[in-house]
Amino acid sequence: MANPPLSAPLYDRISRRNNIPRAIELIILFLLFSLLLYRLLSLKDHGFTWVLALLCESWFTFTWVLVISTKWNQVEYMTYPKRLLQRKLELPPVDMFVTTADPVLEPPILTVNTVLSLLAVDYPADKLACYVSDDGASPLTFYSLVEASKFAKIWVPFCKKYNVQIRAPFRFFSVESISPQDVSLEFQQEWKKMKGEYEKLSQKIEDASRRSQPCELTGDFADFSNIQRKNHPTIIKVIWENKEAVANGVPHVIYISREKRPKQPHHFKAGAMNILTRVSGMITNAPFMLNLDCDMYVNNPQIVVHAMCLLLGVSNERDCAFVQSPQIFYDGLKDDPFGNQMVVLYEYVGHGIVGIQGPLYGGTGCFHRRKVIYGLSPDDNEITRKLSNEALLKTFGRSMEFTKSAAKILSGMKTSSTGPNNISSCTETAYQVAGCDYEYGSSWGREVGWMYGSTTEDVLTGLTIHGRGWKSTFCSPNPPAFLGCAPPGGPATMIQQKRWATGLLEILFTPKNPFILILNGKLQFRQCLVYTWVVLWGLQSIPELCYAALSAYCLITDSHFMPKVRTNHHHLILLSCGLKIFEEVLFDYCKRS
Ligand SMILES: O=c1ccn([C@@H]2O[C@H](COP(=O)(O)OP(=O)(O)O[C@H]3O[C@H](CO)[C@@H](O)[C@H](O)[C@H]3O)[C@@H](O)[C@H]2O)c(=O)[nH]1
Ligand SMILES: [Mn+2]
C-alpha cells in the first residue's frame with residue numbers, strides 16, 4: 001500500500017452509531033416518568049411506602065437523565081503513529097512519573113516492572129526521563145530501583161531488538177511462552193538468558209525484603225538511615241543518567257522521596273504529583289508528562305507515539321489538554337463479579353463523555369501538557385502579566401530557578417531535555433522545591449498543579465482543567481495502552497469504593513465544584529451534568545438501599561409498593577425490565593462482536 005501523504009491527519013474522531021440504544025434509553029425514560037406520574041396520581045390511596053418509593057424512583061429518574069445525556073454522543077479516536085513517524089519531526093520530550101507509597105501494600109517488584117516497561121517504550125530514550133516518587137521513603141524501593149536500572153541495560157535493548165510486545169518482565173515471562181516453530185534460535189537463547197537475569201533480579205528484591213534492611217545503609221543509602229517514614233528530609237537520587245543522550249539507550253531514572261513532617265499536610269497523591277512536577281521542572285522540564293500508578297504497566301510500547309498523534313495532531317491545542325487512556329486490569333476475576341473492570345463505565349459512559357468535553361482525568365495512564373498543569377487557559381490573554389517575575393513567584397513559590405523553568409513552559413519556549421552531564425547538578429536546586437513548606441503561600445494545589453481538597457484528586461484536577469475551557473481526548477489503542485492490578489474484590493474493593501465516594505463528594509465542597517465552574521461559562525453544560533453524576537455517585541447508595549429495604553418491609557407487613565399486577569400498569573413495568581435486560585444484552589453483544 002502506498003504511504004499516505006505527509007499531510008494526512010494523525011488521528012480521526014469517529015462518532016459511534018448508537019441509535020438503537022438511544023431509542024431504548026428514551027423508552028426507559030418514558031416508562032420511568034409514567035411510573036412517577038402513576039405514583040403521584042395514586043399517592044393519596046397509599047401510605048409511607050409509596051412516598052418512599054416515589055422519592056427513590058425520582059432519584060433514579062434524575063440519574064437516568066444524567067446517564068442518557070452522558071451516553072448520547074459516543075466518540076472514538078483512531079491514532080496513526082506511523083504517519084507521525086513518517087513526518088520525521090523531532091519528537092518532544094516526555095517526563096514519566098510513577099507514584100508509590102507503601103512497600104508492603106505495593107510490593108517494589110510491581111513498581112520495578114512499571115518502571116522497566118516505561119524505560120522500554122518505543123520512543124527516543126534521550127527524550128524521556130522517569131521519575132519515581134516514593135511516599136514510603138523506603139530503602140527497599142530505592143534498592144529495587146537501583147537493581148532494576150542495572151537490569152534495564154539488557155532488558156531495554158532486548159525488547160527493542162525483538163520488538164517485544166509486553167515490556168513488563170513479570171508479565172512477559174508469565175504470558176509469553178516461546179514456541180520453537182516461529183522464533184529464531186537466537187531469540188530462544190536470549191529469552192532464556194533474560195528470564196534467568198529477571199529471576200535473579202526478583203530474587204534479590206525478595207531476599208532484600210526479608211531482611212530488616214535491604215543492604216548496609218551507607219554510601220547512596222546513607223540518607224535512609226535513622227529516618228522515619230513520616231518524618232524525614234527530602235531524598236533525591238539520580239539512579240541512572242543517560243549521559244551521552246543516546247536515543248537507543250535507557251532513559252534517566254530519578255528517585256524522589258519528598259520531605260515529610262508530622263505536622264505538615266502532605267496531600268497524599270496530589271502532593272506527590274506536585275513535587276514530581278516541580279522536581280522534573282528543575283531537571284528535564286519536558287512539555288508533556290505521563291503519569292502512572294506504580295501498579296499499572298505499559299502494555300503497548302507505542303503508546304507515547306499514539307498519545308503524540310493527539311497532542312501534536314490537534315489543529316487547536318484547546319481540543320487536547322490531556323490524553324487519557326482507559327484503566328484496564330489484568331487477571332481479573334471471571335465474569336468480573338465486583339465490576340472492577342469498569343467495562344460499562346469505560347465502554348459506554350466513558351465514550352459518551354469523550355463526545356462531550358472529553359474524558360475525565362483518571363489519575364493514571366494520562367499524558368498532560370505541562371503548561372495546562374501550570375494553570376494556563378486555552379486563550380490566555382493575561383500571559384504577559386502571568387509571566388512577570390512577581391506573579392511567577394507568587395504562583396509557583398520562591399524558587400527563582402523553578403519560576404524560570406515555568407516561564408519557559410508558559411511562554412511556549414522549546415525546552416529540550418537537558419544536555420549531557422548536568423542532571424546531577426540540577427538535583428541540588430531541586431531539593432528546595434521538594435520541601436514540605438515550599439508551597440506555603442503559593443498557588444500549588446489551588447490554581448496550579450494537582451488540586452488539593454479531595455482524595456479523588458484526579459477528578460478534581462480534570463474538572464479544574466475542563467472548567468478553564470480545555471477539552472481532553474481519549475486514547476485506547478489495541479493492544480490496550482496500560483494494564484493495572486485491580487483489587488481482588490471483597491473488602492479491598494469496598495474500601496476503595498468508599499474512598500472514591502467520599503473523595504467525589506468532597507469535590508462538592510470545594511470552590512471547584514461543577515456548579516460553580518459552570519457559572520463562568522467555560523465548563524460545558526452537558527459536561528457539568530457528567531460531573532454531577534460522578535460526584536453524586538456515592539449518594540446513589542441511599543435510594544438504592546431504601547428501595548431494596550422496601551421489598552423486605554412490604555413482605556413483613558404484607559403490603560406492597562409496586563403497582564399490583566391486576567392494575568393496568570403491570571405491562572409497563574414488565575416492559576421496562578425487559579427493555580433494560582435487552583439493552584444490556586445488546587451492549588454486551590456489540591462489545592464482543
Ligand atoms: O499518599 C499517597 C497516597 C497514594 N499515592 C499513590 O497514588 C496512587 C493511587 O493510590 P491508590 O491507593 O492505589 O488508589 P486507587 O484507588 O487504587 O487509585 C485510583 O484512584 C485514585 C484517586 O482517585 C487515583 O489517584 C488513581 O490514579 C486511581 O488509579 C498509587 O500509585 C499510590 O502509590 C501516593 O503517592 N501517596
Ligand atoms: Mn491502586
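Helix α4 (residues 108-119) meets helix α7 (residues 185-210) through Pro-108, Ile-109, Val-112, Asn-113 and Leu-116, which face Tyr-198, Leu-201, Ser-202 and Ile-205 of α7. Contact here means heavy atoms within 4.5 Å, while helices (H or I, at least four residues) and strands (E, at least two) are DSSP runs, numbered from the N terminus. By class, this contact has seven nonpolar, two polar and no charged residues; Ala, Val, Leu, Ile, Met, Phe, Trp, Tyr, Cys and Pro count as nonpolar, Asp, Glu, Lys and Arg as charged, and the others, Gly among them, as polar.

The model is predicted: local features need pLDDT of at least 70, side-chain atom pairs count only at pLDDT 80 or more, and totals for chains, interfaces and linings use all residues. Residues are numbered from 1 along each chain as its sequence is written, chains are lettered from A and ligands numbered from 1 in the order in which they are written, and side-chain values use heavy atoms, with hydrogens and water left out.

Two packed helices are described by the angle between their axes and the distance between the axes. The axes of α4 and α7 come within 10 Å and cross at roughly 140°. That angle makes α4 oblique to α7. Axes are lines fitted to C-alpha atoms, for helices over the stretch in contact, and angles run from 0 to 180 degrees between N-to-C directions; under 35 degrees counts as roughly parallel, over 145 as roughly antiparallel, 65 to 115 as roughly perpendicular and the rest as oblique.

Helix α4 also lies across strands β8 and β10, running at about 25° to β8. These strands belong to an open sheet of three, in the order β8-β13-β10, with mixed pairing. Its edge strands, each pairing on one side only, are β8 (296-298) and β10 (328-330). Two strands pair if DSSP finds at least two bridges between them. Strand β13 (residues 482-485) runs parallel to β10, joined by three bridges, and antiparallel to β8, again with three bridges. Gly-484 in β13 is the bridge partner of Phe-329 and also that of Met-296, while Cys-485 in β13 stands opposite Tyr-330.

A second open sheet holds eight strands in the order β5-β6-β4-β3-β7-β11-β9-β12, and its pairing is mixed. Here the edge strands are β5 (235-240) and β12 (473-474), each pairing on one side only. Strand β9 (residues 322-324) pairs with β12 in the parallel sense over two bridges, and Gln-324 has Phe-474 in β12 as its bridge partner. Helix α9 (residues 303-313) packs on the sheet, touching β3, β7, β9, β11 (366-369) and β12, and its direction makes about 40° with that of β11.

Helix α8 (residues 268-283) lies across β3 (94-100), β4 (128-134), β5, β6 (252-257) and β7 (288-293), running at about 145° to β3. Lys-269 has its place in α8. The UniProt annotation "binding site", from an unreviewed entry, covers Lys-269 and Asp-293. The two residues span 25 residues in sequence, yet no two of their C-alpha atoms are more than 9.7 Å apart, so they gather at one spot. UniProt positions are given in the numbering used here, feature names are shortened, and annotations may be inferred rather than shown by experiment.
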